[in-house]
Amino acid sequence: METVNWLEYENNALNNGYEVICGVDEAGRGPLAGPVYAAAVILPKGHIVEGVNDSKKISEKKRELLFDKIISECVSYSVGIATEKEIDEINILQATFLAMRRAVDGLAIKPDIAFIDGNKKPGLDIEEQVIVKGDAKSANIAAASIIAKVSRDRYMLQMAEKYPQYQFEKHKGYGTKLHYEMIEKYGISPIHRKTFLKKVLNK
């Protein structure tokens, strides 16, 4: 199995004179309901949070444990969201960028450079470096992916209590067979993304 050098990008940035590095990742671009979340995390120089990986490769139980570990070990972290209404107004890509900018703006310390998971820059007011599949390559992005994912999942569990008929606790708003069946049965809720459900709404 190939081992990942989790600090390769971080060390390159440090060697190029950047002092404070943050990782940025999103959760919830694909779902039919709820906000898109982004997180920004600054880890101490040379630090890897033990057990951290791309959030999609880790069980929900382990993500919860790592969430607390990251918060206790990081220099600063912040979560930003863009609501379902903003997603409908400006589209999911722009809403994702908005959530990322809000996350970085919320950090207690201003970073010198942000590593962004993906291939497009969100337009931060600091240096940006995009890293495709960065949540499986960079310690800071991997930490951000877990913070974003757990934060969004916790919100969707709250929404499951508010709108129990949709069973958000089972699918977190993603377009599963069950979710579509519940939309067919009950219509859409105030937290559904209308632009993601045009076919359903136009029936």
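**Exercise 1. In which loop is the place of Lys 172? Decide also whether Lys 172 is buried or exposed.**

Step 1. This is a predicted model in which local features need pLDDT of at least 70 and side-chain atom pairs count only at pLDDT 80 or more, while totals for chains, interfaces and linings use all residues. Residues are numbered from 1 along each chain as its sequence is written, and side-chain values use heavy atoms, with hydrogens and water left out.

Step 2. Find the elements. Helices (H or I, at least four residues) and strands (E, at least two) are DSSP runs, numbered from the N terminus. Lys 172 sits in the loop between helix H6 (168-171) and helix H7 (177-186).

Step 3. Apply the cut-offs: buried means under 20% relative accessible area, exposed over 50%, and partly exposed in between (1.4 Å probe, protein chains only). Lys 172 has a relative accessibility of 9%, so this residue counts as buried.

Step 4. Check the backbone. The phi of Lys 172 is near 55°, a positive value in a residue other than glycine.

**Exercise 2. Describe Lys 133 in terms of location, phi and accessibility.**

Step 1. Lys 133 is in the loop between S5 and helix H5 (139-162).

Step 2. Its phi is positive, about 55°, although Lys 133 is not a glycine.

Step 3. Lys 133 counts as exposed because its relative accessibility is 62%.

**Exercise 3. Which strands are joined to S4 by bridges, and how many bridges are there in each case?**

Step 1. Two strands pair if DSSP finds at least two bridges between them.

Step 2. Strand S1 (residues 21-27) is joined to S4 by 4 bridges, and the two run parallel. Within this pairing, Ile 21 has Ile 113 of S4 as its bridge partner.

Step 3. S4 is also joined to strand S5 (residues 127-131), by 5 bridges, and these two run parallel. Here Phe 115 has Gln 129 of S5 as its bridge partner.

**Exercise 4. Which residues of S4 lie on each side, and are they buried or exposed?**

Step 1. In a regular strand the side chains alternate between the two faces of the sheet.

Step 2. On one side of S4 are Ile 113, Phe 115 and Asp 117; on the other are Ala 114 and Ile 116.

Step 3. All of these residues are buried, and both faces are covered. The count for strand S4 (residues 113-117) is 5 buried residues of 5.

**Exercise 5. How many salt bridges are there by the rule? Work through examples that link separate elements.**

Step 1. State the rule: a side-chain nitrogen of Lys or Arg lies within 4 Å of a carboxyl oxygen of Asp or Glu. The count comes to 8 salt bridges.

Step 2. Lys 172 pairs with Glu 60, the closest N and O atoms being 3.8 Å apart. This pair links distant parts of the chain, 112 residues apart, with Glu 60 in helix H2 (residues 60-73). Glu 60 is partly exposed, at 39% relative accessibility.

Step 3. Glu 64 forms a salt bridge with Arg 154, with 2.7 Å between the closest N and O atoms. Glu 64 lies in helix H2 and Arg 154 in helix H5, so the pair ties together parts that are 90 residues apart in sequence. Both ends are partly exposed: Glu 64 at 27% and Arg 154 at 33%.

Step 4. Arg 102 forms a salt bridge with Glu 86, the closest N and O atoms being 2.9 Å apart. Because Arg 102 is in helix H4 (residues 92-105) and Glu 86 in helix H3 (residues 84-90), this pair ties together parts 16 residues apart in sequence. Arg 102 is partly exposed at 34%, whereas Glu 86 is buried at 19%.
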